[in-house]
Amino acid sequence: MPSAPHRSRVGALALGASLLAVVLIAGLVAPCPARAEQAVMLLPDATATVPAGPPAARGRTLVPLHSTVIAGGGRTKINFSGLLSIHNASAKDVLVIEAVEYRDQAGRLVERTLDKPVALKPYASMQVVIAQEDVRGGIGASFVVDWAAPAADAEPVIEAVMVAVQGTQGYSFVSAGRRIPRP
C-alpha cells in the first residue's frame, strides 16, 4: 500500500488532470495568444442560464493580485502564481459574472477573460489562473470583476490566492476583493 504522501501526490495529479479537462469552456474564454499562461477553471454543471431582464444588483470588485513581490530589501524578486476565485454566496439565486479584467501595476488592461457573461449557480464558483512565470501584471497587478445578481443582497465572495515556489521555499497569501463604484 502506498504511503500517505504518495497517495496525496497521486490524488493531486488526478485532480489536476480532471481540472485540466474542464479548464477551457467553449465560448467563454476569449482567444488570446498570450493566454498560454492563463486559464479559466469552470465546471459545466456550475453554470446556469443568464437571467433575462435587468438585475436587482450590479457591482464591481477590485482584487489585488501581487504577481511579483520584492523582498530582501529590494535585492530579490519573487514571482507568484495567482488564482482569482469568484464564489456565488447565494443559496437560491444565480450570480452573473459580466466581465473579468486583468490589469497591470499602472492600471492598464492586460487582458479580458470572458467573451460573454457567465451565470454561476448558487454556491458555485469559478477561477482564473495566472501562472508563476506570467509577469505581465508586475508588482501591483489586479483583477476587476463586474457582476450582477437578481437579489440586492447577493454580493459574491471574491479573493485571490498567490503561491510561489523558489528553490525549496514556498510562499503563499490571500488577498480579499473590495467592492468599488461601478460606472
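Reader: Why are strand 7 and strand 8 called paired?

Author: In this predicted model, three bridges join strand 7 (residues 95–103) to strand 8 (residues 109–112). Pairing asks for at least two bridges, so the two strands count as paired. They run antiparallel. One of the residues involved is Glu101, whose bridge partner in strand 8 is Arg112.

Reader: What lies between the strands of this hairpin?

Author: Five residues lie between strand 7 and strand 8, and Gly107 takes a positive phi near 85°.

Reader: What makes Glu101 and Arg103 a salt bridge?

Author: The closest N and O atoms of Glu101 and Arg103 are 2.8 Å apart. The limit is 4 Å between a side-chain nitrogen of Lys or Arg and a carboxyl oxygen of Asp or Glu, so the pair qualifies. By this rule the count comes to eleven salt bridges.

Reader: Is Glu101 called buried or exposed, and why?

Author: Glu101 has 11% relative accessibility. Buried means under 20%, so Glu101 counts as buried.

Reader: How do you know that Lys92 and Asp93 form a salt bridge, and which labels do the two residues get?

Author: The N to O distance is 3.2 Å, which is within 4 Å, so the side chains of Lys92 and Asp93 meet in a salt bridge. Lys92, at 67% relative accessibility, is over the 50% mark and therefore counts as exposed. Asp93 has a relative accessible area of 16%, under 20%, so Asp93 is buried.

Reader: What makes Arg136 and Glu111 a link between distant parts of the chain?

Author: Their side chains meet in a salt bridge at 2.8 Å, N to O. Arg136 sits in the loop between strand 10 (125–130) and strand 11 (141–149), while Glu111 is in strand 8, 25 residues apart. Arg136 has 29% relative accessibility, which falls between the 20% and 50% marks, so Arg136 counts as partly exposed. Glu111, with 5%, is under 20% and therefore buried.

Reader: Which residues of the largest nonpolar core touch the most other members?

Author: Of its 31 residues, these are Leu84, Ile86, Ile97, Val100, Leu120 and Phe143. Strand 11 gives the most to this core, with five residues.

Reader: What is Ile97 in contact with, beyond its neighbours within four places in sequence?

Author: The contacts of Ile97 include Ile86, Leu114, Leu120, Met126 and Trp147.

Conventions:
Residues are numbered from 1 along each chain as its sequence is written. This is a predicted model: local features need pLDDT of at least 70, side-chain atom pairs count only at pLDDT 80 or more; totals for chains, interfaces and linings use all residues. Side-chain values use heavy atoms; hydrogens and water are left out. Helices (H or I, at least four residues) and strands (E, at least two) are DSSP runs, numbered from the N terminus. Buried means under 20% relative accessible area, exposed over 50%, partly exposed in between (1.4 Å probe, protein chains only). A nonpolar core is a set of buried Ala, Val, Leu, Ile, Met, Phe, Trp, Tyr and Cys residues joined through side-chain atoms within 4.5 Å. Contact means heavy atoms within 4.5 Å.
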